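Subject: Structure handover

Hi,

Here is the structure I promised to pass on. Please open it first, then read my notes below.

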Amino acid sequence: MIEWVSLSTGARPVPRPVATPLVWAAAFVGALLLVALLNTLVGQDRPTLALAVLSVLAALLGLCARFTAAPGTAVLCWLFLNGFAIPPAGILTWAGARDTFWLTCLLTAALIGTALARLVHARAAYRRVRADIGLVAAERGDEPRGS
């Protein structure tokens, strides 16, 4: 007789975040490619579009990163935004209010991506543990607590 057995027995662990240097390397390469693509397609006179695209990149990188990677990710994206997405290209400048706003947007995007990933993983882990408790209680004939 054949007995079907599930290969995934037990609780699966919460996925571990990617190492911070790898996230920063991805931010460096991703920001470089996105800014180059934007400069080619729409030109350097659209920093708002570049900020939006780099904020999406920071949020996506935040989905697989630790919270400690967020400041570095934001700074790397800002460096490419400031250095190559606004004229004159290749020169870093600091315009107090504008660059503070840009850094805040990029940091917020990275933190939101990281927080969202942590919440999704924690909720999935809670559901798996809750299901395992329900299975154990059903096998013993008990009612699970908290129901």
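Start with the core. In the largest nonpolar core, which has 22 residues, the members that touch the most other members are Ala31, Leu54, Leu57, Cys77, Leu81, Trp102 and Leu106. A nonpolar core is a set of buried Ala, Val, Leu, Ile, Met, Phe, Trp, Tyr and Cys residues joined through side-chain atoms within 4.5 Å. Buried means under 20% relative accessible area, exposed means over 50%, and partly exposed lies in between (1.4 Å probe, protein chains only). The elements giving two or more residues to this core are α1, α2, α3 (70-84) and α4. The most come from α3, which gives 6 residues.

Before you go on, note how to read this. The model is predicted: local features need pLDDT of at least 70, side-chain atom pairs count only at pLDDT 80 or more, and totals for chains, interfaces and linings use all residues. Residues are numbered from 1 along each chain as its sequence is written, and side-chain values use heavy atoms, with hydrogens and water left out.

Now the overall fold. The chain has 4 helices and 0 strands. Its pattern along the sequence is α-α-α-α. Helices (H or I, at least four residues) and strands (E, at least two) are DSSP runs, numbered from the N terminus. The chain has 147 residues, and 28% of them count as buried. Take the contacts between residues at least 6 apart in sequence: 72% of them join residues at least 24 apart. Contact means heavy atoms within 4.5 Å.

Ala31 sits in helix α1 (residues 20-41). Ala31 counts as buried, at 0% relative accessibility. Setting aside residues up to four places away in sequence, Ala31 touches Ala26, Leu54, Leu57, Cys77 and Phe80. The C-alpha atoms of Ala31 and Val53 are 9.0 Å apart, with the two residues 22 residues apart along the chain. Next, Leu81. Apart from neighbours within four places in sequence, Leu81 is in contact with Pro47, Ala50, Leu51, Leu54, Ile86 and Trp102.

Which residues of α2 are buried? They are Ala50, Leu51, Leu54, Ser55, Leu57, Ala58, Leu61 and Gly62. Seen down the axis of α2, these buried residues fall within an arc of 160°, so they line one face of the helix. The arc is that of the directions from the helix axis to the C-beta atoms. On the other side of α2, Thr48 and Leu60 are exposed. Helix α2 (residues 47-62) has 16 residues and spans 22 Å from first C-alpha to last, close to the 22 Å expected at 1.5 Å a residue. That expected span is 1.5 Å times one less than the number of residues.

Last, the charges. Side chains of opposite charge can pair when their charged atoms come close. The structure holds 1 salt bridge, meaning a side-chain nitrogen of Lys or Arg within 4 Å of a carboxyl oxygen of Asp or Glu. The side chains of Arg98 and Asp99 form this pair, at 3.4 Å from N to O. Arg98 is partly exposed, with a relative accessible area of 30%. Asp99 is buried, at 0% relative accessibility. Asp99 lies in helix α4 (residues 96-140). Leaving out residues up to four places away in sequence, Asp99 touches Trp78, Asn82, Thr93 and Trp94.

Best wishes
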